[in-house]
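Let's walk through this one in question-and-answer form, starting with a term we'll need along the way. Keep the viewer open while you read.

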Amino acid sequence: MHALGPAPACALSVLLLLVASWRVGSTEVHSLQGSWRLSNGNGSLVLGGDVPGCVHTALLRHGLIQDPYHRFNDLAYAWISLDNWTYSRDFKTPFDIRKWQKVSLVFDGVDTVAQIVVNNVTVGRTDNMFNRYSFDITDVIKEVNAIHVNFVSAVWYAAEQSKNHQAYKVPPECPPPVQKGQCHVNFIRKEQCSFSWDWGPSFPTQGIWKDVRIEAYNLCRLLYFSVTPQYVQNTQQWSLKIELDFDVISSKPVAALATVSIPELQTQQTFTVELRPGEGSAVLLVNISKAAALETWWPRGHGNQTGYNMTTTFIAEGGCKIEKLSKIWQDFMFAVALYPTDHSFLDSVRAEITHQAKRLKSHPSIILWSGNNENEAAIAYNWFSIPSAKKSVYADDYVTLYVKNIREIVLAEDETRPFITSSPTNGLESAKEGWLAHAPYDTHFGDNHYYNYVSDCWDWTTFPRTRFASEYGFQSWPSFSALAQVSSEEDWSYASNFSLHRQHHANGNDQMLHQAGLHFKLPQEGDPLKNFKHSIYLTQIMQAQCIKSQTEFYRRSQSEIINGEGRTMGALYWQLNDIWQAPSWASLEYGGKWKMLHYFAQCFFAPLLPVAYEDKDALYIYGISDLHADYELTLRVSLHDWGLTEPVCTLAKEGVLIKGGAAVPIYKEPISDLLKQCGNCTRQSCVVTFFLEGEEELSSPSNYHFLSSLKDAVGLKNPQLLASVSQEGDQFQIILEATAIAPFVWLDAGNIPGRFSDNGFLLTEKRRVILFYPWETTSAKELEKSLSLTSLTDIS
């Protein structure tokens with residue numbers, strides 16, 4: 001119930017890459033970025049406001065508000081979004097307007113509802129944050145001009161649109177109270193999370209958030225340019241589909257010559273095209289020479305990201321000349337809500353989808369278009385308590401919006417990628433059921449989202465054996481250093497008003513401690529601050545360990561089908577980053593600092609990885625490989641006594657065949673037999689580690705398996721962690737020393753921004769070298785002073 005925007009996908013995409021830049025010979029372009037005036041509705045506030053920018057950033061820059069993220073300021077500054085603000089500026093036209101047939105005012109991004117006035121003439125209106133707007137100002141522009149962008153409060157606009165939709169309600173009307181957000185946000189095409197979400201505050205901004213410029217031109221102006229590579233199997237030849245959309249201001253068709261040249265691929269072709277008046281388009285089909293040694297573009301880890309230089313020259317009669325120089329899943333912005341389908345809303349959506357599809361389809365990293373996030377599931381499982389007699393109304397709206405409009409536009413604009421109406425969805429099975437499956441979480445089809453904060457996350461039997469795990473996660477708190485920047489001393493406890501206010505997910509704070517308490521001792525410190533810091537640390541351990549367990553289950557399920565379920569070919573945990581300092585599902589906290597989960601992800605998403613699990617008192621290890629070849633490797637399994645610094649025993653299994661692109665079982669041993677082989681080990685006194693190694697430095701990260709909950713571990717000692725810091729060029733070397741095994745060793749650089757080469761690890765050796773990569777200039781002395789070391793043994 002979280003994803004709102006583009007998300008990376010774990011799948012292969014083989015494409016020819018061409019990256020573009022412009023040289024336009026028959027257009028004058030003048031940017032209006034920079035300093036504008038900003039005023040509120042009654043004119044009592046007038047200040048400078050940068051473009052691109054928004055009202056909040058302008059007020060902050062001028063000291064009229066404090067940090068919006070500090071303590072409870074998200075509530076204190078709600079008035080900003082309830083006012084109607086105006087951006088204005090004067091500018092001189094930098095060219096002779098008599099030389100140009102048409103002059104347009106172009107906004108790449110306006111947030112959101114505004115009236116555009118040039119020289120006291122209303123030239124247009126905006127109502128969609130995700131659309132690009134172009135207004136004809138040919139008859140309005142002068143030598144000296146005044147432009148006003150008069151915004152309407154997005155909160156009031158959304159409420160008014162909902163009020164006008166009298167036929168039936170479109171849920172949800174308001175977010176859960178814990179989110180402290182705004183109502184009726186599904187009635188405005190604006191970033192939905194700006195009105196609050198379960199991981200973010202409510203700051204419904206107003207502003208010009210992308211470029212704004214004047215474009216003057218004769219005859220024609222290029223609006224969109226896209227290049228789509230295609231491979232024809234029967235001819236074994238690559239071709240390019242080049243699509244161009246123009247604003248043609250001639251009253252009659254315009255003839256032109258287009259030449260496409262790719263020297264590295266021994267390819268050049270010339271085309272004769274004719275553009276119709278209005279919005280004319282041209283499609284060029286270029287066959288790549290079979291004699292060329294062409295390399296395709298691959299996702300990272302699967303091959304090279306090869307690009308080629310391509311020049312497209314477009315010369316039209318009358319002197320219009322344009323030269324184009326050319327070198328992972330996209331959700332459309334509809335999430336966890338139902339939406340209206342009145343004419344004005346659909347008109348806005350159609351323009352938005354057309355613009356975004358044209359803008360993005362040349363990107364080789366997009367492999368799939370998705371109409372929305374979780375809205376099929378919302379109807380199927382009746383999240384909004386819709387009476388059964390009225391369900392058909394919302395089902396019809398769903399099909400109208402996502403199938404008859406969005407889907408048709410996307411497929412018309414992009415023939416190369418599949419489109420799914422929702423995520424999760426049953427794909428073709430959903431389509432067979434009229435685009436709304438009765439059970440879109442069916443693990444036999446499509447993708448799945450899964451959240452479970454009650455069951456033990458170490459128990460792999462609770463996870464869905466799905467085809468594609470496209471969303472799953474657990475919360476954690478960000479670092480204390482991040483929270484300290486926006487809080488006061490009175491806030492530094494897990495049960496403070498600040499901690500409760502910052503949590504936007506119902507019962508989230510309790511859920512984190514519940515999950516942590518299943519396997520770890522919860523902090524019982526006398527010092528409240530120490531207790532708070534340890535609670536934060538423990539939530540990060542819990543989050544990292546839970547998502548590690550779940551991801552490893554999905555990865556080892558990729559080559560198995562059990563009772564019709566399995567072949568899990570992708571895993572995407574939610575979420576990547578934070579937009580403020582608060583508990584969330586993110587692995588990167590606000591400011592970019594890595595949580596423990598992000599360090600864990602380096603290992604559990606490694607291309608070569610052994611993973612372990614227990615079933616019926618036996619230990620199984622699978623070898624997982626995303627490599628493109630099979631390898632014979634050695635599996636090394638060690639048992640470590642919590643109280644010792646040397647392994648109790650190490651077992652080696654040589655000649656283990658690890659298949660490329662597969663997950664195969666490589667080890668099975670009853671736990672009792674394994675413990676007998678290693679002296680006095682018991683489930684509580686020992687931990688298992690294992691890794692794969694081969695020739696030519698081919699090896700996996702070291703992995704581990706706990707034989708009991710850590711709260712039941714016997715023999716854990718204070719490891720007496722020590723660290724010495726030295727500078728090595730632009731990075732720092734940290735020599736870590738310990739006298740005992742230490743679980744979840746955490747290095748924290750405080751307010752010094754940067755990341756470590758590894759963190760949150762199981763330390764099984766007496767000495768280990770860790771690197772720190774600073775993001776700003778610092779010294780070894782400063783780092784050593786700021787550095788803190790924590791392990792699980794510090795929790796008491």
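Buried means under 20% relative accessible area, exposed means over 50%, and partly exposed is in between. One more thing before we start: this is a predicted model.

Q: Is Cys-174 buried, exposed or partly exposed?
A: Go by the cut-offs: under 20% is buried and over 50% is exposed. Cys-174 has a relative accessible area of 40%, so the label is partly exposed.

Q: Which residue does a disulfide join to Cys-174?
A: The S to S distance for this disulfide is 2.0 Å. A disulfide here is a pair of cysteine sulfur atoms within 2.5 Å, so a pair at that distance qualifies. The partner joined to Cys-174 is Cys-183.

Q: What is the handedness of the disulfide of Cys-174 and Cys-183?
A: Look at the torsion about the S-S bond, which is about 105°. That torsion makes the disulfide of Cys-174 and Cys-183 right-handed.

Q: How many disulfides does the structure hold?
A: Cys-174 to Cys-183 is one of them, and Cys-649 to Cys-678 is another, with S to S at 1.7 Å. Cys-681 to Cys-686 also belongs on the list, at 1.9 Å. For the structure, the count of disulfides is four.

Q: How many residues apart are Cys-649 and Cys-678?
A: Cys-649 lies in strand S34 (residues 649–658), while Cys-678 is in the loop between helix H14 (671–676) and strand S36 (686–693). The pair therefore links distant parts of the chain, and the two are 29 residues apart.

Q: Which disulfide is left-handed, and what torsion goes with it?
A: The torsion about the S-S bond of Cys-649 and Cys-678 is about 50°, so that disulfide is right-handed. For Cys-681 and Cys-686 the disulfide is left-handed, because the torsion about the S-S bond is about -85°.

Q: Are Cys-681 and Cys-686 buried or exposed?
A: Cys-681 has a relative accessible area of 8%, so this residue is buried. Cys-686 comes in at 2%, so the label there is also buried.

Q: Which strands stand at the edges of the open sheet of four strands?
A: The sheet has the order S2-S15-S6-S10, with antiparallel pairing. The edge strands each have a single partner strand, so one side of each is left without a neighbour in the sheet. The edges are S2 (27–31) and S10 (133–136).

Q: How many bridges pair S6 with strand S15?
A: S6 (residues 102–107) runs antiparallel to S10, joined by four bridges. On the S15 side (residues 212–217) the pairing is again in the antiparallel sense. The number of bridges between S6 and S15 is six.

Q: What is the bridge partner of Val-106 in S15?
A: Val-106 has an opposite number in S10, namely Ser-134. In S15, the bridge partner of Val-106 is Arg-213.

Q: How many of the residues of S6 are buried?
A: Check both faces: Lys-102, Ser-104 and Val-106 are buried on one side, and Val-103, Leu-105 and Phe-107 are buried on the other. For S6, the buried residues number six of six.

Q: Which buried residues of helix H11 share a side, and what arc do they cover?
A: In H11 (residues 508–517) the buried residues are Gly-508, Asn-509, Met-512, Gln-515 and Ala-516. They sit on the same side of H11, because the arc they cover around the axis is only 135°.

Q: Which helices are among what covers the buried residues of H11?
A: The cover includes a helix at 497–502 and another at 528–556. Those two are H10 and H12.

Q: Where does the largest share of the largest nonpolar core come from?
A: This core has 88 residues, and those with the most contacts inside it are Phe-744, Phe-756 and Leu-792. The largest share is eleven residues, and they come from H12.

Methods
Residues are numbered from 1 along each chain as its sequence is written. This is a predicted model: local features need pLDDT of at least 70, side-chain atom pairs count only at pLDDT 80 or more; totals for chains, interfaces and linings use all residues. Side-chain values use heavy atoms; hydrogens and water are left out. Buried means under 20% relative accessible area, exposed over 50%, partly exposed in between (1.4 Å probe, protein chains only). The arc is that of the directions from the helix axis to the C-beta atoms. Contact means heavy atoms within 4.5 Å. A nonpolar core is a set of buried Ala, Val, Leu, Ile, Met, Phe, Trp, Tyr and Cys residues joined through side-chain atoms within 4.5 Å. Two strands pair if DSSP finds at least two bridges between them.
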